[in-house]
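Please look over the model below before reading on. The notes then take it point by point.

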Amino acid sequence: MGGQASGSASGPTLGIEEELHVLEADTGRLTSRGPQVRDSFAGSPHDGALVLEMTLSQAEAVTAISADVDEVISRAARLRSAAAAAAASHGLALAAAGTPLLGDPAEQLVADDQRYLALRARAAGLVSQQLIAGMHVHLGVGDPDQRVEEVDDDARVAVVDAVRPWLPTLLALTANSPYWFGVDTGFASYRQVHWQRWPVAGPPPLSRDAKQWHQLVADVVATGVVEDASYVYWDVRLASRFPTVEVRVADVQASVQDAATYTCLLRGLAAQALAEHTPARSDRAGWREVPTHVLRAASWRAARYGLDEQLVDPVSATLRPAAVVVRALLDAARPGLQVTGELEQAVEGLRQITQDGNGAQRQRAAFARAGWAGVQQVVRVDAVGAAANAP
């Protein structure tokens, strides 16, 4: 996954993981035929890979390490295209939505994998119900060839600290899961609410340095609810296998352009944090000590309303119009975006989301216009790499 060449002036390198639902092409119903899609996948290894997830009704596209947003999004788009072609060869389709639209959850199967079987022994029925799809972005810290044990974890924690206050705002921007098996849940991101049932979900606790971070993770592992640090799935975390920070807060995006906008913002926040970081400095500029209980409540609100209502501004700790808080997020990322050269791309992407809505808003507009067929059109991945996303 991602890594950053030491001394790079252009910002962290990137890797993206996108979980995609496998559907019967004619009915749009969820089906556990992910292995057939994976086995027929003919994408380029240069772009990445298609792998199976915990539930066999998904396939996950994992990009190769990329130097910038344009490269990683192009790779993600080509992986989507190849995966969609593989699905079509079996009378299947892929959907990029945080939750399944149609089907029967009881029909879905869990992968016969040792890791997932061990997880099921702890989490019981949660595992078979894990039918949600996210987009995970890896932000590289250090050299991509470094072992994770060699990376500067204080620098990784600095990136976590930069992203952490903005998790609810990032969630509101990327909310793309209003429906759950034929029902409008009332939420913009029902995936996020569904995910909160796990004991290792949500925003991470406050930590100022690597020592404190690793102690917090060790405290969770000591409870016995997870086997090791790799199962601590906070919304932003130090990756356990790669020299990266992994951001897991977003629903998978129907629109490749929305995915690019989100990735730009994350890379800008990370680039600024790394530029400010020095080993002896803990009072980082822009660091916001937002209590975990406030972040959890703000995240619930963002999942409920998306961009339709006010959001919690982490700067003022008050409710403000969503557009104002999104602009504050852009301002926080702006110095880093100027470093990465992706400021204009982020600004244009946010303008487009403001005009057309986030994924949840577009799904509901499509349903009002054309019912489930309209929603399927918005979220279904086509064979040229993007979802058929009609604003």
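1. Basis. This is a predicted model, where local features need pLDDT of at least 70, side-chain atom pairs count only at pLDDT 80 or more, and totals for chains, interfaces and linings use all residues. Residues are numbered from 1 along each chain as its sequence is written, and side-chain values use heavy atoms, without hydrogens and water.

2. Helix 11. Helices (H or I, at least four residues) and strands (E, at least two) are DSSP runs, numbered from the N terminus. Helix 11 takes in residues 322-340, and its end C-alpha atoms are 26 Å apart. Gly341 follows helix 11 and has a positive phi, near 80 degrees.

3. Helix 5 and helix 9. Helix 5 (residues 153-163) packs on helix 9 at about 130 degrees, with the axes 8 Å apart. Axes are lines fitted to C-alpha atoms, over the stretch in contact for helices, and angles run from 0 to 180 degrees between N-to-C directions. Contact means heavy atoms within 4.5 Å. Among the residues making it are Ala155 and Val159 of helix 5, and Leu266 and Leu269 of helix 9.

4. Positive phi. Most residues other than glycine have a negative phi. Phe181 has a positive one of about 50 degrees. Phe181 sits in the loop between strand 6 and strand 7. Ala317 has a phi near 60 degrees, in the loop between strand 10 and strand 11.

5. Burial. Buried means under 20% relative accessible area, exposed over 50%, partly exposed in between (1.4 Å probe, protein chains only). Phe181 is buried at 14%; Ala317 is exposed at 60%.

Notes:
The expected span of a helix is 1.5 Å times one less than its number of residues.
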